[in-house]
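Visitor: I would like to learn how to read the main features of a model. Please take me through one.

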Amino acid sequence: DKCAELNEKYLYALAQMKDLHKTYEKENAIALKYVTYDLMEELLPILDVFSMVLDNDNIPNEVKAYFKGFELVFNQFKQILDRHGVSEINCKIGDTFDHNYHNGVEKIDVEDGEQDTIAQVLQKGYKIGDKVLRPVSVKVNCVCKKTVTEDETIEQENATISEDKGE
């Protein structure tokens with residue numbers, strides 16, 4: 001009887017330890033995910049600088065060798081980000097604005113075109129898995145109807161009258 005009671009307590013304590021271990025693993029995975037997210041978010045400005053330098057076509061001959069080294073480091077940096085699931089959010093001029101992935105910093109009034117389309121990409125955006133690290137900063141087209149001023153209305157009426165008279 002005493003042996004069965006001790007065995008039951010042992011099995012109960014063992015089950016609690018297994019549950020505690022599972023809980024610890026889940027919480028550890030979540031914490032690691034947030035640390036990775038925060039770190040990747042902090043690395044994005046460095047990625048921007050690399051991209052800006054490498055997009056420059058006016059590289060003097062004296063620094064072209066350094067430029068190649070810079071390019072190698074940039075490619076290694078991108079591989080590290082890729083391994084951690086960081087990818088660029090695809091965005092080009094003419095795409096429809098999506099508040100989930102785009103940060104509209106300015107509206108551009110246009111008379112023709114589609115409403116709420118990307119007019120210009122100002123800063124690349126990135127995501128880790130399906131979660132946005134930084135949205136794409138964009139300028140957005142805003143189609144506005146041209147308002148006719150009083151002077152333009154009078155000019156249009158005068159032109160219509162002149163046409164009717166055959167002038």
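Guide: We go from the overall makeup to the sheet, then to the salt bridges. This is a predicted model: local features need pLDDT of at least 70, side-chain atom pairs count only at pLDDT 80 or more, and totals for chains, interfaces and linings use all residues. Residues are numbered from 1 along each chain as its sequence is written, and side-chain values use heavy atoms, with hydrogens and water left out.

Visitor: How many helices and strands does the protein have?

Guide: Helices (H or I, at least four residues) and strands (E, at least two) are DSSP runs, numbered from the N terminus. Here there are three helices and six strands. Along the sequence the pattern reads α-α-β-β-β-β-β-β-α.

Visitor: What percentage of the residues is buried?

Guide: Buried means under 20% relative accessible area, exposed over 50%, partly exposed in between (1.4 Å probe, protein chains only). Of the 167 residues, 20% count as buried.

Visitor: In what order do the strands of the open sheet lie?

Guide: Two strands pair if DSSP finds at least two bridges between them. Three strands make up this open sheet, in the order E1-E4-E5, with antiparallel pairing. E1 (86-88) and E5 (131-134) stand at the edges with a single partner strand each, so one side of each lacks a neighbour in the sheet. From one strand to the next, the twist averages 35°. Axes are lines fitted to C-alpha atoms, for helices over the stretch in contact; angles run from 0 to 180 degrees between N-to-C directions.

Visitor: How many bridges join E1 to E4?

Guide: Three bridges join E1 to E4 (residues 126-128). Glu88 has Tyr126 in E4 as its bridge partner.

Visitor: Which strands does helix H1 touch?

Guide: Contact means heavy atoms within 4.5 Å. Helix H1 (residues 2-54) packs on the sheet and touches E1, E4 and E5. The direction of H1 makes about 40° with that of E5.

Visitor: How many salt bridges does the structure hold?

Guide: A salt bridge is a side-chain nitrogen of Lys or Arg within 4 Å of a carboxyl oxygen of Asp or Glu. The structure holds five. One of them joins Asp48 and Arg134, at 2.8 Å from N to O. This pair links distant parts of the chain: Asp48 is in helix H1, Arg134 in strand E5, 86 residues apart.

Visitor: Is Arg134 buried or exposed?

Guide: Arg134 counts as buried, at 14% relative accessibility.

Visitor: Where do Lys9 and Glu5 lie?

Guide: Both lie in helix H1, four residues apart, about one turn of the helix. Lys9 is exposed, at 53%, while Glu5 is partly exposed, at 40%.
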